[in-house]
Amino acid sequence: MSTLRNTDLSFFARSVAAVAGVAAASWPALASNPRSYNLAAPTDALFDKLESGAERAVMLVVGDSVSFREDSYLGYLQERFWGEFGVGDCGYRGASNAFGSPQSFHDTRPLGGSWRENAGDIPSRARISGPREVDAFFRPTDIGPLIPDGIYTQLEDGAEFFINGFGPTANLYLYCLPGAGEAQIELNGELLETVIETDAAEPALLVHEVDTGALPGEPYSLSVFATPATGPVVFAGAEMRSGTPGLTIQRITRGGSGPDANLKSINPTATAHLQTLAPDLIWIMLDPDQRFGELYMQDMTALLDHYADVFPGVPTVLVSHHPFIPDIELQSDQLLQLARERGMGYIDLNETWADYDAMNDAGLMNGVVHLSPEGGQWFGAYLYGALLDARACPADWDASGTLDVADVIALLGSFDAGEPAADLDGNSALDVFDVIEYLGRFSEGCD
């Protein structure tokens with residue numbers, strides 16, 4: 001991208017300063033890490049759908065256990081959206097019995113929407129992604145990398161997986177494999193006639209839609225089981241759909257997961273699985289997984305390249321973790337760098353609290369890494385506030401909560417650095433028209 005000459009930058013800086021009514025001598029220095037960066041543009045499509053009151057807006061969350069656990073921030077963030085824009089779909093979840101307690105922490109959610117553990121014989125637990133154990137159950141043949149989040153349950157000889165869901169539709173995600181067996185479904189205690197054949201010469205995704213007969217928000221009970229005396233059935237997860245407008249959060253999350261673990265699931269079946277989730281926004285909050293520094297940047301770069309291929313044109317927001325270990329500061333810096341290089345959104349949680357002890361003393365932590373319900377509420381509210389602030393005031397370039405000349409300096413800094421986010425008119429070039437566009441936004445102020 002091209003940049004303006006220094007003389008041009010000085011001219012536009014003085015012009016915007018005049019609009020702001022602030023002398024150049026009083027311009028403050030910029031903080032190195034803003035609270036957030038470039039959130040308005042990536043979230044526009046999501047908010048446009050939500051504010052229409054008539055559309056389903058989808059956020060795909062790629063994360064680890066901090067995004068997986070029911071008492072963590074994500075449920076409370078969803079609750080905030082649902083309280084403002086109406087109760088949408090619960091979205092896709094991997095078929096793990098870990099963290100599968102009922103969603104009792106969240107007042108606005110309908111009853112149901114939880115997993116219950118496999119009632120049959122559970123095969124041995126094993127590892128699928130490096131040194132950490134993830135919540136998948138399978139025989140020694142490991143198929144985890146075929147699935148985007150590596151999570152599934154292998155059902156054999158009558159073993160069942162129970163779902164307490166809600167809404168008119170349940171999309172069941174099964175994987176067809178050589179030698180696999182037949183799956184059947186029981187809905188509200190009655191066996192459905194459909195028999196699902198999962199034997200196939202090559203691995204393939206099969207999404208089976210079930211008409212539950214429930215109204216939007218009305219609960220149902222469903223179980224997927226393997227027909228006795230057939231081969232194993234690989235059940236990856238399900239998506240509950242109500243058909244009502246509002247936010248849907250699709251979760252590709254698992255415990256102890258960094259970007260390196262997700263890179264193991266780059267293959268045609270996993271890609272087909274991801275594409276069915278059809279996001280308007282990709283939200284990535286991944287543990288560094290003890291791979292800080294060059295390796296983390298390398299892994300995140302490769303993962304972002306992959307998602308750009310799978311979801312062309314879909315915007316992304318990168319979110320750092322809360323400061324439960326000192327290395328989160330480096331993670332936050334690296335994510336901001338990637339956001340600036342790629343025109344993505346960014347939210348910094350590292351500077352929300354001084355350290356783990358401060359969060360723990362405030363009752364926000366449940367162990368070394370995970371949030372308590374109080375912590376989930378606090379961070380859910382914080383993240384929702386950051387998104388709403390960006391929506392209400394896209395000209396607040398430094399995310400300070402105040403529209404002033406510091407935003408002019410921040411915008412011109414992004415412009416001079418060649419950051420894609422400064423391409424405000426969307427013509428894929430940085431030129432004088434982007435600065436003129438910003439002048440207009442600045443003059444309009446905030447909602």
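**The largest pocket and its surroundings**

Modeller: By class, the lining of the largest pocket comprises 14 nonpolar, five polar and nine charged residues. The model is a predicted one, and the values that follow are computed from it. The largest pocket holds about 490 Å³ of space. Its lining consists of 28 residues, of which Asn-38, Leu-39, Ala-40, Ala-41 and Pro-42 are the closest to the centre of the pocket. Two or more lining residues come from each of β1 (36-37), α2 (40-52) and α10 (373-392).

Two of these elements, α2 and α10, also meet each other: their axes come within 10 Å and cross at roughly 90 degrees. The two helices are therefore roughly perpendicular to each other. On the α2 side the contact is made by Ala-40, Thr-43, Asp-44, Phe-47, Asp-48 and Glu-51, and on the α10 side by Leu-387, Leu-388, Ala-390 and Arg-391. In this contact of α2 with α10, five residues are nonpolar, one is polar and four are charged.

Pro-148, Asn-262, Ser-265, Leu-274, Leu-303, His-306 and Tyr-307 form its lining. Helix α7 supplies the largest share of that lining, with three residues. The lining of the second largest cavity divides into four nonpolar and three polar residues, with no charged ones.

Helix α7 (residues 294-310) also crosses helix α6 (residues 268-276), their axes coming within 10 Å at an angle of roughly 65 degrees. Since angles of 65 to 115 degrees count as roughly perpendicular, α6 and α7 are therefore placed in that class. Their crossing is right-handed. The contact joins Thr-271, Leu-274 and Gln-275 of α6 to His-306, Tyr-307 and Val-310 of α7. Three of the contact residues are nonpolar, three are polar and none is charged. Leu-274, His-306 and Tyr-307 belong to this helix contact and also line the second largest cavity.

How values were computed. Residues are numbered from 1 along each chain as its sequence is written. This is a predicted model: local features need pLDDT of at least 70, side-chain atom pairs count only at pLDDT 80 or more; totals for chains, interfaces and linings use all residues. Side-chain values use heavy atoms; hydrogens and water are left out. Axes are lines fitted to C-alpha atoms, for helices over the stretch in contact, and angles run from 0 to 180 degrees between N-to-C directions. Helices (H or I, at least four residues) and strands (E, at least two) are DSSP runs, numbered from the N terminus. Angles under 35 degrees count as roughly parallel, over 145 as roughly antiparallel, 65 to 115 as roughly perpendicular and the rest as oblique. A crossing is left-handed if the near helix is turned anticlockwise from the far one by less than a right angle, and right-handed if clockwise. Contact means heavy atoms within 4.5 Å. Ala, Val, Leu, Ile, Met, Phe, Trp, Tyr, Cys and Pro count as nonpolar, Asp, Glu, Lys and Arg as charged, and the others, Gly among them, as polar. On a 1 Å grid over the protein atoms alone, a cavity is a set of points where a 1.4 Å probe fits but cannot get out, and a pocket is an open set with protein on both sides within 12 Å along at least five of seven lines; lining residues have an atom within 4 Å of a point. Grid points are joined across faces, edges and corners, and a volume is the space filled by probe spheres set on the points.
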